[in-house]
Amino acid sequence: MIKNRELRIEEPATFFGWAPPQGLRPEPIPTDSKIIMIGDPNLYRTLATVDPDFRETFKVKADFNFEADRSQENITAFACFIGDYCNREKLRHFDGSGVARVIEDCARRVGDQHKLSTRFSDMADLLIECDYWAGRENAELVTAKHVERAIEEKIFRLNLIEKRLQEMIVEGTLLVDIDGGVVGQVNGLAVYQLGDFSFGKPSRITARTFMGRGGIVNIERESQLSGKSHDKGVLILSGYLGGKFAQQHPLSVSASVCFEQSYDGVDGDSASSTELYAILSSLAELPIKQGIAVTGSVNQNGDIQAIGGINQKIEGFFDVCRLKGLTGAQGVLMPRSNLRNLMLRPDVIEAVSQGKFHVYAVDGVDEGIEVLTGTAAGERGADGHYPEDSVNGRVEKKLEQFAERQKQLAGRGQIDE
(Lines give C-alpha, C1' and ligand atoms only; values in the text may rest on other atoms or scores of the structure.)
Protein backbone atom coordinates (compact mmCIF):
# COMPACT_ATOMS: atom_id res chain seq x y z
CA MET A 1 0.00 0.00 0.00
CA ILE A 2 2.83 2.40 0.86
CA LYS A 3 4.90 1.66 -2.23
CA ASN A 4 2.03 1.44 -4.77
CA ARG A 5 0.02 4.25 -3.17
CA GLU A 6 -3.18 2.23 -3.49
CA LEU A 7 -5.25 -0.09 -1.32
CA ARG A 8 -6.46 -3.35 -2.83
CA ILE A 9 -9.23 -5.45 -1.33
CA GLU A 10 -8.13 -9.09 -1.55
CA GLU A 11 -9.56 -12.44 -0.55
CA PRO A 12 -7.81 -13.60 2.65
CA ALA A 13 -7.44 -17.11 1.22
CA THR A 14 -5.07 -15.91 -1.51
CA PHE A 15 -2.41 -15.20 1.11
CA PHE A 16 -2.37 -18.95 1.93
CA GLY A 17 -1.97 -20.09 -1.69
CA TRP A 18 -5.59 -20.98 -2.29
CA ALA A 19 -7.51 -20.05 -5.41
CA PRO A 20 -10.97 -18.89 -4.33
CA PRO A 21 -13.75 -18.32 -6.87
CA GLN A 22 -13.31 -15.05 -8.72
CA GLY A 23 -16.16 -12.59 -8.59
CA LEU A 24 -16.43 -8.86 -8.89
CA ARG A 25 -13.20 -7.22 -7.68
CA PRO A 26 -13.36 -3.61 -6.53
CA GLU A 27 -10.96 -1.21 -8.09
CA PRO A 28 -7.93 -0.21 -5.99
CA ILE A 29 -8.47 2.77 -3.72
CA PRO A 30 -5.86 5.54 -4.19
CA THR A 31 -4.02 6.37 -0.95
CA ASP A 32 -1.41 8.86 0.16
CA SER A 33 -0.22 7.74 3.59
CA LYS A 34 2.64 8.47 5.93
CA ILE A 35 3.59 5.85 8.46
CA ILE A 36 5.18 7.03 11.70
CA MET A 37 6.79 4.33 13.83
CA ILE A 38 7.86 5.11 17.38
CA GLY A 39 10.09 2.68 19.22
CA ASP A 40 13.30 1.86 20.99
CA PRO A 41 16.59 2.82 19.26
CA ASN A 42 17.97 -0.69 19.74
CA LEU A 43 14.95 -2.17 17.98
CA TYR A 44 15.37 0.26 15.08
CA ARG A 45 19.03 -0.69 14.66
CA THR A 46 18.14 -4.37 14.72
CA LEU A 47 15.44 -4.02 12.06
CA ALA A 48 17.66 -1.83 9.88
CA THR A 49 20.38 -4.48 10.04
CA VAL A 50 18.39 -7.66 9.39
CA ASP A 51 15.64 -6.35 7.07
CA PRO A 52 16.88 -4.60 3.86
CA ASP A 53 13.37 -3.33 3.05
CA PHE A 54 13.03 -1.63 6.43
CA ARG A 55 15.45 1.20 5.65
CA GLU A 56 13.93 1.64 2.20
CA THR A 57 10.46 1.98 3.70
CA PHE A 58 11.35 4.09 6.73
CA LYS A 59 13.95 6.48 5.35
CA VAL A 60 13.55 9.43 7.71
CA LYS A 61 14.80 8.75 11.24
CA ALA A 62 14.64 11.26 14.09
CA ASP A 63 16.02 10.85 17.59
CA PHE A 64 14.00 12.32 20.47
CA ASN A 65 15.87 13.22 23.64
CA PHE A 66 14.45 12.19 27.00
CA GLU A 67 15.97 15.21 28.73
CA ALA A 68 16.16 18.98 28.24
CA ASP A 69 18.36 21.75 29.61
CA ARG A 70 17.24 23.20 32.93
CA SER A 71 17.06 26.71 31.54
CA GLN A 72 14.68 29.41 32.69
CA GLU A 73 12.81 29.07 29.41
CA ASN A 74 12.26 25.34 29.89
CA ILE A 75 11.34 25.78 33.56
CA THR A 76 8.64 28.23 32.50
CA ALA A 77 7.46 25.79 29.84
CA PHE A 78 7.26 22.99 32.41
CA ALA A 79 5.24 25.23 34.74
CA CYS A 80 2.88 26.02 31.86
CA PHE A 81 2.50 22.30 31.14
CA ILE A 82 1.58 21.67 34.77
CA GLY A 83 -1.03 24.42 34.69
CA ASP A 84 -2.47 23.29 31.34
CA TYR A 85 -2.66 19.65 32.45
CA CYS A 86 -4.48 20.63 35.64
CA ASN A 87 -7.00 22.56 33.57
CA ARG A 88 -7.58 19.70 31.12
CA GLU A 89 -7.86 16.99 33.79
CA LYS A 90 -9.77 19.15 36.30
CA LEU A 91 -7.02 18.84 38.93
CA ARG A 92 -6.15 21.26 41.69
CA HIS A 93 -3.58 23.81 40.64
CA PHE A 94 -0.08 23.88 42.13
CA ASP A 95 1.39 26.77 44.06
CA GLY A 96 4.97 27.93 43.56
CA SER A 97 6.46 25.43 45.99
CA GLY A 98 4.55 22.55 44.39
CA VAL A 99 5.72 23.47 40.89
CA ALA A 100 9.30 23.78 42.11
CA ARG A 101 9.18 20.35 43.76
CA VAL A 102 7.79 18.72 40.61
CA ILE A 103 10.54 20.31 38.51
CA GLU A 104 13.15 19.14 41.02
CA ASP A 105 11.78 15.61 40.71
CA CYS A 106 12.15 15.88 36.91
CA ALA A 107 15.82 16.73 37.41
CA ARG A 108 16.27 13.77 39.75
CA ARG A 109 14.73 11.40 37.22
CA VAL A 110 17.59 12.10 34.80
CA GLY A 111 20.15 12.38 37.61
CA ASP A 112 21.47 15.80 36.62
CA GLN A 113 21.12 19.18 38.31
CA HIS A 114 21.24 20.92 34.92
CA LYS A 115 18.74 18.74 33.02
CA LEU A 116 15.02 17.99 33.16
CA SER A 117 13.21 14.79 32.20
CA THR A 118 10.91 15.12 29.18
CA ARG A 119 8.99 11.95 30.00
CA PHE A 120 5.76 13.86 30.49
CA SER A 121 3.69 10.72 31.08
CA ASP A 122 5.62 10.15 34.33
CA MET A 123 5.07 13.78 35.32
CA ALA A 124 1.35 13.49 34.56
CA ASP A 125 1.07 10.45 36.84
CA LEU A 126 2.78 12.40 39.61
CA LEU A 127 0.41 15.35 39.16
CA ILE A 128 -2.62 13.07 39.54
CA GLU A 129 -1.25 11.53 42.73
CA CYS A 130 -0.40 14.95 44.15
CA ASP A 131 -3.96 16.09 43.50
CA TYR A 132 -5.24 13.06 45.41
CA TRP A 133 -3.17 13.80 48.52
CA ALA A 134 -4.14 17.46 48.40
CA GLY A 135 -7.77 16.36 48.24
CA ARG A 136 -7.30 14.21 51.34
CA GLU A 137 -6.44 17.41 53.21
CA ASN A 138 -9.16 19.49 51.51
CA ALA A 139 -6.45 21.86 50.28
CA GLU A 140 -7.26 24.36 47.53
CA LEU A 141 -3.75 24.22 46.03
CA VAL A 142 -1.15 21.48 45.74
CA THR A 143 1.99 22.38 47.68
CA ALA A 144 5.48 20.90 47.98
CA LYS A 145 4.25 18.88 50.97
CA HIS A 146 1.71 17.05 48.82
CA VAL A 147 4.27 16.39 46.07
CA GLU A 148 6.66 14.97 48.65
CA ARG A 149 3.89 12.76 50.02
CA ALA A 150 3.06 11.45 46.54
CA ILE A 151 6.71 10.60 45.87
CA GLU A 152 7.07 8.86 49.25
CA GLU A 153 3.89 6.83 48.74
CA LYS A 154 5.04 5.65 45.32
CA ILE A 155 8.37 4.54 46.75
CA PHE A 156 6.52 2.76 49.58
CA ARG A 157 4.56 0.74 47.03
CA LEU A 158 7.74 -0.41 45.28
CA ASN A 159 10.47 -0.78 47.91
CA LEU A 160 9.55 -4.09 49.54
CA ILE A 161 12.77 -5.80 48.38
CA GLU A 162 14.87 -2.83 49.47
CA LYS A 163 13.34 -2.88 52.95
CA ARG A 164 13.88 -6.62 53.27
CA LEU A 165 17.57 -6.30 52.36
CA GLN A 166 17.97 -3.50 54.89
CA GLU A 167 16.38 -5.65 57.57
CA MET A 168 18.84 -8.45 56.76
CA ILE A 169 21.74 -6.02 57.17
CA VAL A 170 20.44 -4.73 60.50
CA GLU A 171 19.82 -8.29 61.73
CA GLY A 172 23.37 -9.29 60.78
CA THR A 173 22.40 -11.79 58.09
CA LEU A 174 24.13 -9.63 55.47
CA LEU A 175 27.45 -8.47 56.92
CA VAL A 176 28.00 -4.71 56.61
CA ASP A 177 30.04 -2.80 59.20
CA ILE A 178 29.39 0.92 59.62
CA ASP A 179 31.93 1.71 62.33
CA GLY A 180 35.46 0.77 63.34
CA GLY A 181 38.35 0.00 61.01
CA VAL A 182 39.34 -3.20 59.18
CA VAL A 183 42.38 -3.97 57.02
CA GLY A 184 41.55 -4.94 53.43
CA GLN A 185 37.80 -4.41 53.77
CA VAL A 186 35.62 -1.67 52.24
CA ASN A 187 31.90 -1.07 51.85
CA GLY A 188 31.11 -0.89 48.16
CA LEU A 189 27.82 0.38 46.73
CA ALA A 190 25.63 -1.29 44.12
CA VAL A 191 22.37 -0.28 42.43
CA TYR A 192 19.49 -2.70 41.96
CA GLN A 193 17.18 -1.88 39.03
CA LEU A 194 13.63 -3.18 39.38
CA GLY A 195 11.72 -1.81 36.42
CA ASP A 196 10.76 1.79 37.19
CA PHE A 197 12.30 1.63 40.68
CA SER A 198 15.96 1.45 41.65
CA PHE A 199 17.74 1.51 44.99
CA GLY A 200 21.25 1.33 46.38
CA LYS A 201 22.67 -1.32 48.69
CA PRO A 202 26.06 -1.52 50.42
CA SER A 203 28.13 -4.67 49.89
CA ARG A 204 31.26 -5.77 51.69
CA ILE A 205 34.33 -5.99 49.44
CA THR A 206 37.45 -7.71 50.76
CA ALA A 207 40.98 -8.12 49.46
CA ARG A 208 43.80 -10.41 50.57
CA THR A 209 47.39 -9.92 49.36
CA PHE A 210 50.29 -12.34 49.59
CA MET A 211 53.59 -13.18 47.97
CA GLY A 212 53.50 -14.54 44.44
CA ARG A 213 53.20 -13.54 40.81
CA GLY A 214 49.58 -14.43 40.25
CA GLY A 215 48.45 -10.83 39.92
CA ILE A 216 44.92 -9.86 40.93
CA VAL A 217 42.44 -12.72 41.04
CA ASN A 218 38.82 -11.67 40.62
CA ILE A 219 36.87 -14.31 42.53
CA GLU A 220 33.62 -13.25 40.83
CA ARG A 221 35.20 -13.89 37.43
CA GLU A 222 36.61 -17.25 38.44
CA SER A 223 33.16 -18.34 39.64
CA GLN A 224 31.50 -16.92 36.48
CA LEU A 225 29.55 -14.32 38.43
CA SER A 226 31.24 -11.31 36.85
CA GLY A 227 30.29 -9.27 33.79
CA LYS A 228 32.66 -7.92 31.16
CA SER A 229 32.70 -4.38 32.54
CA HIS A 230 33.58 -5.60 36.01
CA ASP A 231 36.34 -7.82 34.62
CA LYS A 232 37.80 -4.84 32.79
CA GLY A 233 37.73 -2.74 35.94
CA VAL A 234 39.68 -5.36 37.89
CA LEU A 235 42.27 -5.75 35.13
CA ILE A 236 42.87 -1.99 35.23
CA LEU A 237 44.02 -2.31 38.85
CA SER A 238 47.12 -4.28 37.80
CA GLY A 239 48.07 -1.46 35.43
CA TYR A 240 47.77 1.12 38.20
CA LEU A 241 49.80 -0.91 40.71
CA GLY A 242 52.48 -1.72 38.15
CA GLY A 243 52.79 1.84 36.92
CA LYS A 244 53.07 3.26 40.42
CA PHE A 245 55.05 0.68 42.37
CA ALA A 246 56.88 -1.52 39.87
CA GLN A 247 59.30 0.89 38.19
CA GLN A 248 62.36 -0.34 40.14
CA HIS A 249 61.48 -4.00 40.65
CA PRO A 250 58.90 -6.52 39.36
CA LEU A 251 55.38 -6.46 40.75
CA SER A 252 55.70 -9.63 42.83
CA VAL A 253 52.29 -9.88 44.45
CA SER A 254 49.18 -12.01 44.34
CA ALA A 255 45.84 -10.64 45.44
CA SER A 256 42.28 -11.90 45.61
CA VAL A 257 39.27 -9.57 45.49
CA CYS A 258 35.74 -10.61 46.36
CA PHE A 259 32.20 -9.23 46.72
CA GLU A 260 31.14 -10.99 49.92
CA GLN A 261 27.69 -12.62 50.03
CA SER A 262 27.07 -11.91 46.35
CA TYR A 263 25.41 -14.78 44.48
CA ASP A 264 23.56 -13.16 41.57
CA GLY A 265 26.46 -11.77 39.55
CA VAL A 266 28.29 -8.44 39.47
CA ASP A 267 28.77 -6.10 36.53
CA GLY A 268 29.95 -2.56 35.94
CA ASP A 269 33.23 -0.91 36.89
CA SER A 270 31.89 1.44 39.57
CA ALA A 271 33.50 -0.68 42.29
CA SER A 272 36.99 -0.72 40.74
CA SER A 273 38.23 2.10 42.99
CA THR A 274 36.70 0.34 46.01
CA GLU A 275 38.61 -2.84 45.18
CA LEU A 276 41.82 -0.85 44.73
CA TYR A 277 41.44 0.78 48.16
CA ALA A 278 40.97 -2.68 49.71
CA ILE A 279 44.17 -3.93 48.04
CA LEU A 280 46.17 -0.87 49.12
CA SER A 281 44.88 -1.26 52.67
CA SER A 282 45.92 -4.91 52.73
CA LEU A 283 49.41 -4.15 51.39
CA ALA A 284 49.92 -1.17 53.72
CA GLU A 285 48.34 -3.02 56.64
CA LEU A 286 46.28 0.07 57.44
CA PRO A 287 42.63 -0.27 58.54
CA ILE A 288 39.92 1.38 56.47
CA LYS A 289 37.09 3.27 58.16
CA GLN A 290 34.00 1.08 57.79
CA GLY A 291 31.68 4.06 58.26
CA ILE A 292 32.61 5.35 54.80
CA ALA A 293 31.24 3.55 51.73
CA VAL A 294 32.93 4.00 48.36
CA THR A 295 31.86 4.21 44.74
CA GLY A 296 33.66 5.28 41.58
CA SER A 297 35.62 3.72 38.75
CA VAL A 298 39.37 4.21 38.32
CA ASN A 299 41.74 4.32 35.36
CA GLN A 300 45.37 3.21 35.12
CA ASN A 301 46.55 6.70 36.07
CA GLY A 302 44.63 6.64 39.35
CA ASP A 303 41.92 9.12 38.32
CA ILE A 304 38.50 8.51 39.88
CA GLN A 305 35.85 8.53 37.15
CA ALA A 306 32.11 9.22 37.15
CA ILE A 307 29.60 6.42 37.62
CA GLY A 308 25.82 6.01 37.44
CA GLY A 309 23.18 5.79 40.14
CA ILE A 310 25.05 8.07 42.55
CA ASN A 311 21.90 9.27 44.34
CA GLN A 312 20.55 5.77 44.93
CA LYS A 313 23.94 4.60 46.22
CA ILE A 314 24.34 7.43 48.72
CA GLU A 315 20.75 7.13 49.93
CA GLY A 316 21.04 3.34 50.23
CA PHE A 317 24.04 3.58 52.53
CA PHE A 318 22.45 6.46 54.46
CA ASP A 319 19.35 4.36 55.13
CA VAL A 320 21.48 1.50 56.49
CA CYS A 321 23.43 3.90 58.72
CA ARG A 322 20.21 5.49 59.95
CA LEU A 323 18.73 2.11 60.85
CA LYS A 324 21.89 0.97 62.64
CA GLY A 325 22.54 4.40 64.18
CA LEU A 326 24.12 7.56 62.79
CA THR A 327 27.37 8.44 64.55
CA GLY A 328 28.43 11.55 62.64
CA ALA A 329 31.47 9.73 61.23
CA GLN A 330 29.67 7.98 58.38
CA GLY A 331 29.49 9.02 54.76
CA VAL A 332 30.15 8.15 51.14
CA LEU A 333 33.29 8.66 49.05
CA MET A 334 32.35 9.55 45.48
CA PRO A 335 33.91 10.91 42.26
CA ARG A 336 34.10 14.70 42.10
CA SER A 337 32.90 14.51 38.49
CA ASN A 338 29.54 13.23 39.80
CA LEU A 339 28.78 16.37 41.84
CA ARG A 340 26.42 17.71 39.18
CA ASN A 341 24.42 14.47 39.43
CA LEU A 342 23.61 14.89 43.14
CA MET A 343 19.84 15.18 43.63
CA LEU A 344 19.52 13.70 47.11
CA ARG A 345 16.42 13.25 49.24
CA PRO A 346 15.58 16.05 51.70
CA ASP A 347 16.32 13.87 54.75
CA VAL A 348 19.82 13.07 53.46
CA ILE A 349 20.50 16.75 52.76
CA GLU A 350 19.35 17.65 56.27
CA ALA A 351 21.62 15.00 57.84
CA VAL A 352 24.60 16.29 55.86
CA SER A 353 23.90 19.89 56.85
CA GLN A 354 23.75 18.83 60.52
CA GLY A 355 27.05 16.94 60.29
CA LYS A 356 25.43 13.55 60.93
CA PHE A 357 26.41 12.23 57.49
CA HIS A 358 29.13 13.21 55.02
CA VAL A 359 29.73 13.17 51.28
CA TYR A 360 33.38 13.22 50.18
CA ALA A 361 34.20 14.07 46.56
CA VAL A 362 37.67 13.11 45.29
CA ASP A 363 39.57 13.27 42.01
CA GLY A 364 42.20 10.60 42.56
CA VAL A 365 43.13 7.45 44.45
CA ASP A 366 45.56 9.26 46.76
CA GLU A 367 42.81 11.62 47.94
CA GLY A 368 40.47 8.74 48.58
CA ILE A 369 42.90 6.57 50.52
CA GLU A 370 43.70 9.50 52.81
CA VAL A 371 40.00 9.92 53.65
CA LEU A 372 39.54 6.20 54.25
CA THR A 373 42.64 5.59 56.38
CA GLY A 374 43.34 9.00 57.91
CA THR A 375 46.97 8.60 56.77
CA ALA A 376 48.75 10.74 54.18
CA ALA A 377 49.11 9.06 50.79
CA GLY A 378 52.63 10.40 50.30
CA GLU A 379 54.47 11.91 47.33
CA ARG A 380 57.50 10.36 45.70
CA GLY A 381 60.67 12.10 46.88
CA ALA A 382 63.87 13.06 45.07
CA ASP A 383 65.33 9.66 45.92
CA GLY A 384 62.51 7.96 44.03
CA HIS A 385 60.80 6.62 47.15
CA TYR A 386 57.70 7.52 49.15
CA PRO A 387 57.83 8.56 52.83
CA GLU A 388 57.98 5.44 54.97
CA ASP A 389 55.01 6.35 57.18
CA SER A 390 52.73 7.19 54.24
CA VAL A 391 50.27 4.79 52.62
CA ASN A 392 52.25 4.62 49.39
CA GLY A 393 55.48 4.19 51.37
CA ARG A 394 54.05 1.23 53.26
CA VAL A 395 52.77 -0.35 50.03
CA GLU A 396 56.13 0.20 48.33
CA LYS A 397 58.00 -1.38 51.25
CA LYS A 398 55.73 -4.45 51.31
CA LEU A 399 56.11 -4.98 47.54
CA GLU A 400 59.89 -4.66 47.82
CA GLN A 401 59.86 -7.28 50.59
CA PHE A 402 57.79 -9.61 48.41
CA ALA A 403 60.16 -9.14 45.47
CA GLU A 404 63.28 -9.69 47.59
CA ARG A 405 61.84 -12.76 49.28
CA GLN A 406 60.86 -14.31 45.97
CA LYS A 407 64.33 -13.59 44.61
CA GLN A 408 65.87 -15.39 47.55
CA LEU A 409 63.58 -18.39 47.16
CA ALA A 410 64.28 -18.51 43.42
CA GLY A 411 68.04 -18.50 44.18
CA ARG A 412 67.56 -21.55 46.39
CA GLY A 413 65.56 -23.26 43.69
CA GLN A 414 62.43 -23.38 45.81
CA ILE A 415 60.40 -21.46 43.25
CA ASP A 416 60.81 -20.75 39.53
CA GLU A 417 62.63 -17.52 38.61
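**Notes on the pockets and cysteines**

1. Let me begin with the second largest pocket: its lining residues divide into 15 nonpolar, 4 polar and 7 charged. Please keep in mind that this is a predicted model.

2. That second largest pocket holds about 950 Å³ of space. Its lining comprises 26 residues, and those nearest the centre are I36, M37, I38, V60 and K61.

3. Which helix gives the most to the lining of the second largest pocket? Helix 1 does, with 4 residues. Helix 1 (41-50) and helix 2 (52-57) each contribute at least two residues there.

4. Now to the largest pocket, with about 1,300 Å³ of space. A total of 48 residues line the largest pocket, and R108, I155, F197, S198 and Q312 are the closest to its centre. Several elements give two or more residues to this lining, among them helix 4 (96-110), helix 6 (144-158), strand 7 (197-210) and helix 11 (310-324).

5. On the cysteines, how many disulfides does a search of the whole structure find? The count is 0. C258 has a relative accessible area of 13%, so it counts as buried, given that buried means under 20%. C321 is buried as well, at 0% relative accessibility.

Note on methods:
Residues are numbered from 1 along each chain as its sequence is written. This is a predicted model: local features need pLDDT of at least 70, side-chain atom pairs count only at pLDDT 80 or more; totals for chains, interfaces and linings use all residues. Side-chain values use heavy atoms; hydrogens and water are left out. On a 1 Å grid over the protein atoms alone, a cavity is a set of points where a 1.4 Å probe fits but cannot get out, and a pocket is an open set with protein on both sides within 12 Å along at least five of seven lines; lining residues have an atom within 4 Å of a point. Grid points are joined across faces, edges and corners, and a volume is the space filled by probe spheres set on the points. Ala, Val, Leu, Ile, Met, Phe, Trp, Tyr, Cys and Pro count as nonpolar, Asp, Glu, Lys and Arg as charged, and the others, Gly among them, as polar. A disulfide is a pair of cysteine sulfur atoms within 2.5 Å. Buried means under 20% relative accessible area, exposed over 50%, partly exposed in between (1.4 Å probe, protein chains only).
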